[in-house]
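Colleague: I would like to learn how to read a few features of a model. Could you take them one at a time?

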Amino acid sequence: MTPDQQFARLVKIAILMFVMVFGYFMFADAVIPLTPQAMATRIVTKVTPQVSGKIATIAVANNQVVKKGDVLFKIDSVPYELAEEQAQLALEQAKQDNAELDAALLAAKADVQANRSNAKQKRREAKRIDSLFLTHGVSQQLNDQTGSDATTAEANLQASNARLAKLKVSRGRYGDENLKVRQAQNRLEQAELNLSYTQIRADQNGIVTNLQLQVGSFASVGQPLLALVSDKVDIIADFREKSLRGIDIESSAFIAFDGEPGRLYRAQVSSIDAGVSAGQFEANGRLAAPQESARWVRNAQRLRLHLELDQQAVNLLPAGARATVQLVPNSGLLGFIAKVQIKVISVLHYIY
């Protein structure tokens, strides 16, 4: 075989191999899609105090595992204990004021009763004197005096009724429905709540990170002092739109992490995002801005999947760990090819 013939054969073999590789990639992208655009994510909660004060004690260390309800740190509670005591005293004062009003109400009712009896007596006396005056049995002066006394008695009765009504309004409802007691009780509950906020606890299981605390430093409301990384891992993977045909919730997948080349984790699709930021438009009063591109074939849009791992041991992975995700079809043969494909890709990612 001449050198020209050997070169022609090599060219043919290269072209054939290129066609085969290209055909495989086209086939794999459509039937057993894979993406290296994946990572492990965790929910990160910023821990901020709900009351201000000096840091009294720190109960955790950086990167410590904590459970929900564990105390992370404490704020000096003395000012809040005093506020709670003050609120308790205010509640007792409100109850004492109500007791004094009850006594005043009894006195006011007795005063009303006395003035009512006196007014009745004065009216009867004025009526009797008026009858005698008509028969010239008494003087004009006496008649005027008894009429004036009756009017004064009526005025005293009205005044005592007004005082009684005012006391009733001040007293308000009885028991737990009393306004003053409710207000004092509300302030007490708020003081107790603020006192409980001096112990900052974990809202979920997780790992303490970015701890920036020192005993004696001042903590302000709303100022993040540490982060709590959830112990639950969520794997996100971005696939091209065409690769997601036939993929739904609970579809199977393999995941290989860059830090563990060749080791595969089984997973299943837990959710598919409803959209991406490119499809979100803001009503800002401006005209539409159509996308411009000189490319004949535009870039494919990617959509995000969320996957749930079967193995709990992977919860030790740090947030942001890069991964490769391989969606697995139901066919046994295609499933085997998909498994081999992601193993090879994971090793290449580890090398490169």
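This is a predicted model: local features need pLDDT of at least 70, side-chain atom pairs count only at pLDDT 80 or more; totals for chains, interfaces and linings use all residues.

Colleague: How is a pocket found, and what volume does the largest pocket have?

Modeller: Rolling a probe the size of a water molecule over the atoms shows where empty space is left. On a 1 Å grid over the protein atoms alone, a pocket is an open set of points where a 1.4 Å probe fits, with protein on both sides within 12 Å along at least five of seven lines; a set the probe cannot get out of is a cavity instead. Grid points are joined across faces, edges and corners, and the volume is the space filled by probe spheres set on the points. Here the largest pocket has a volume of about 390 Å³. Its lining has 20 residues, of which Phe25, Asp29, Leu34, Arg240 and Gln341 are the closest to the centre. A lining residue has an atom within 4 Å of a point.

Colleague: Which elements supply at least two residues of that lining?

Modeller: Helices (H or I, at least four residues) and strands (E, at least two) are DSSP runs, numbered from the N terminus. The elements that each give at least two lining residues are α1 (3-31), β1 (34-41), β10 (234-240) and α5 (332-351). The largest share, 6 residues, comes from α1.

Colleague: How does the lining divide by class?

Modeller: Ala, Val, Leu, Ile, Met, Phe, Trp, Tyr, Cys and Pro count as nonpolar, Asp, Glu, Lys and Arg as charged, and the others, Gly among them, as polar. On that basis the lining of the largest pocket has 12 nonpolar, 4 polar and 4 charged residues.

Colleague: Which residues make the nonpolar surface patch?

Modeller: A patch is made of residues with over 30% relative accessible area and no salt bridge; nonpolar side chains (Val, Leu, Ile, Met, Phe, Trp, Tyr) are joined within 5 Å, like charges within 9 Å. Areas come from the Shrake-Rupley method with a 1.4 Å probe, and for residues only the protein chains shown count as cover. In this model Phe7, Val11, Ile15, Phe18, Val19, Phe22 and Met26 make a nonpolar patch of about 730 Å². Val11 sits in helix α1.

Colleague: Why is Val11 called partly exposed?

Modeller: Buried means under 20% relative accessible area, exposed over 50%, and partly exposed in between (1.4 Å probe, protein chains only). Val11 is partly exposed because its relative accessible area is 32%.

Colleague: How many salt bridges does the structure hold?

Modeller: A salt bridge is a side-chain nitrogen of Lys or Arg within 4 Å of a carboxyl oxygen of Asp or Glu. The structure holds 4. One of them joins Asp111 and Arg163, whose closest N and O atoms are 2.9 Å apart. This pair links distant parts of the chain, with Asp111 in helix α2 (residues 78-134) and Arg163 in helix α3 (residues 140-171), 52 residues apart. Asp111 is partly exposed at 29%, and Arg163 is partly exposed at 45%.

Colleague: Where does the salt bridge of Arg304 and Asp238 lie in the chain?

Modeller: The closest N and O atoms of Arg304 and Asp238 are 2.8 Å apart.

Modeller: Asp238 is buried, with a relative accessible area of 19%, whereas Arg304 is partly exposed at 31%.

Colleague: Which residues have a positive phi without being glycine?

Modeller: Asn63 has a phi of about 70°, and Asn210 has one of about 55°. Asn63 lies in the loop between β3 (53-58) and β4 (65-66) and is exposed at 53%.

Key
Residues are numbered from 1 along each chain as its sequence is written. Side-chain values use heavy atoms; hydrogens and water are left out.
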